[in-house]
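Here is a friendly tour of some charged side chains and how they pair up. Have the model open as you read.

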Amino acid sequence: MKPMTLWFPLMFGLAGCGKPADIRAPGEVHVLPDAVYNVKFETKDGTTISGYLLAAKGDKGVVLLHMWDKDATTWQPHLKAFLDQGITVLAPDGIGFGGSNERKGSHIEPQRDITDEIDAAIKYVSDRYATHIGIAGASYGANNALRYAAKHPEIKAIALLSPGKDYFGLQVADAAKEYKGDALVLFAKNDSLLEGGPSIIKAGMGDRAEMVEQSGSNHGTDMLTDRAMLDRLVQFFEEKLK
């Protein structure tokens with residue numbers, strides 16, 4: 001089934017995103033350079049995925065995966081930081097969350113393994129905007145990102161925000177050993193949900209995993225209220241997506 005594509009300009013009050021850009025036909029690359037857009041596309045099984053897109057003019061792109069029981073709005077305040085460094089970002093609602101809640105017209109429940117969503121999101125970005133694509137995931141999104149990248153060697157860079165040892169059966173130990181790219185691991189020192197996840201990833205990846213520890217107990221994208229953490233996240237992809 002050919003993915004559907006819908007475009008809706010959104011006025012979120014982001015700096016630099018105050019007016020809609022010229023809308024070109026879907027399939028053209030490097031469009032919408034100064035507006036956040038809501039896009040919809042489909043997975044192979046017909047699940048509708050909704051997401052926020054901010055397109056840059058470069059060849060780098062990042063898919064942003066949110067925390068469990070949240071949606072893509074948790075990434076929305078941080079999108080422009082990527083744009084400022086020439087990186088296209090797509091933040092999809094996870095399957096069963098936000099606007100990603102229908103499959104062929106029927107309502108669906110949240111999915112813990114979102115491999116199909118990641119596949120569709122990467123294809124959406126690679127078909128239109130970027131040739132070098134990474135993934136950033138928060139909490140269960142981080143575990144999904146690592147496990148996906150371990151099976152897809154074309155993914156050379158991933159950022160993991162608060163990865164856990166085992167979220168909903170999504171364990172990281174084997175994936176950390178299997179993944180051959182680079183990883184940035186952001187976590188809070190007193191986050192009790194991790195159960196040693198960052199240490200397990202470090203043991204599996206060695207020097208290919210950069211560990212950045214934050215004080216306190218913030219979890220997932222909540223850590224990005226610290227501008228230094230956000231800046232390091234964006235810089236990581238700027239450096240590694242080549």
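Asp-182 is partly exposed at 23% relative accessibility; here buried means under 20% relative accessible area, exposed over 50%, and partly exposed in between, using a 1.4 Å probe and protein chains only.

Helices (H or I, at least four residues) and strands (E, at least two) are DSSP runs, numbered from the N terminus.

## How the model is read

This is a predicted model, where local features need pLDDT of at least 70, side-chain atom pairs count only at pLDDT 80 or more, and totals for chains, interfaces and linings use all residues. Residues are numbered from 1 along each chain as its sequence is written, and side-chain values use heavy atoms, leaving out hydrogens and water.

## Other pairs to look at

The model has 8 salt bridges. One of them joins Glu-178 and Lys-151, at 3.5 Å from N to O. Glu-178 lies in helix α4 (residues 173-178) and Lys-151 in helix α3 (residues 140-151), 27 residues apart. Glu-178 is partly exposed at 34%, while Lys-151 is exposed at 58%.

Another salt bridge links Glu-239 to Arg-232, at 3.4 Å. Shared partners join Glu-210, Arg-232 and Glu-239 into one network. Arg-232 is buried at 16%, whereas Glu-239 is partly exposed at 33%.

How values were computed
Salt bridge = Lys/Arg side-chain N within 4 Å of Asp/Glu carboxyl O.
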